[in-house]
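Let's go through this one by asking what each label rests on. Here is the chain to look at.

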Amino acid sequence: MSLDWTALGQVTAVSIGVTVAVVVVFALGVLGLARHEGAKEAGAGGTSALAVAQAGLCFLACAAVVAYGIYLIVPQFH
């Protein structure tokens, strides 16, 4: 009986940890877009390109995590 609760606790901990990590990475992507807008208004081209790259990588990482989660959930993909 306690083994079932241990497994549930582990799944809960991993789920919360991954959720927090994805939210942080997504927030970094939004920060990159904000830096891009700020650099565009200030006329700094190099910073703008770096901000777009940051945002793109962050959003790509979030999309990859979501796609992997869908792959794990949907049995037709296995």
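Q: What makes up the accessible surface of the chain, and how big is it?
A: The accessible surface comes to about 5,800 Å², and 77% of that belongs to carbon and sulfur atoms. The areas come from the Shrake-Rupley method with a 1.4 Å probe, and for residues only the protein chains shown count as cover. Keep in mind that this is a predicted model, where local features need pLDDT of at least 70, side-chain atom pairs count only at pLDDT 80 or more, and totals for chains, interfaces and linings use all residues. Residues are numbered from 1 along each chain as its sequence is written, and side-chain values use heavy atoms, with hydrogens and water left out.

Q: Why is the chain called more spread out than a compact globule?
A: First, the parts: the chain has 2 helices and 0 strands, these being DSSP runs numbered from the N terminus (helices H or I, at least four residues; strands E, at least two). The radius of gyration is 18 Å, well over the 12 Å that the globule rule gives for 78 residues, so the chain counts as more spread out. That radius is taken over C-alpha atoms, and the rule is 2.2 Å times the number of residues to the power 0.38. The C-alpha atoms fill a box of roughly 65 × 30 × 10 Å along the principal axes.

Q: How do you know that glutamate 37 and lysine 40 form a salt bridge?
A: Their closest N and O atoms are 3.7 Å apart, and the rule asks for a side-chain nitrogen of Lys or Arg within 4 Å of a carboxyl oxygen of Asp or Glu, so the pair qualifies. The count comes to 1 salt bridge. Glutamate 37 and lysine 40 are 3 residues apart in helix α1, so about one helical turn separates them.

Q: Why is lysine 40 called exposed?
A: Because its relative accessible area is 53%, and exposed means over 50% (buried is under 20%, partly exposed in between; 1.4 Å probe, protein chains only). Glutamate 37, at 38%, is therefore partly exposed.

Q: What makes the disulfide count come to 0?
A: A disulfide is a pair of cysteine sulfur atoms within 2.5 Å, and the count by that rule is 0. For cysteine 58, the nearest cysteine sulfur is that of cysteine 62, 6.9 Å away, and cysteine 58 is in no disulfide.

Q: Are cysteine 58 and cysteine 62 buried or exposed?
A: Cysteine 58 counts as buried because its relative accessibility is 11%, and cysteine 62 is buried at 8%.
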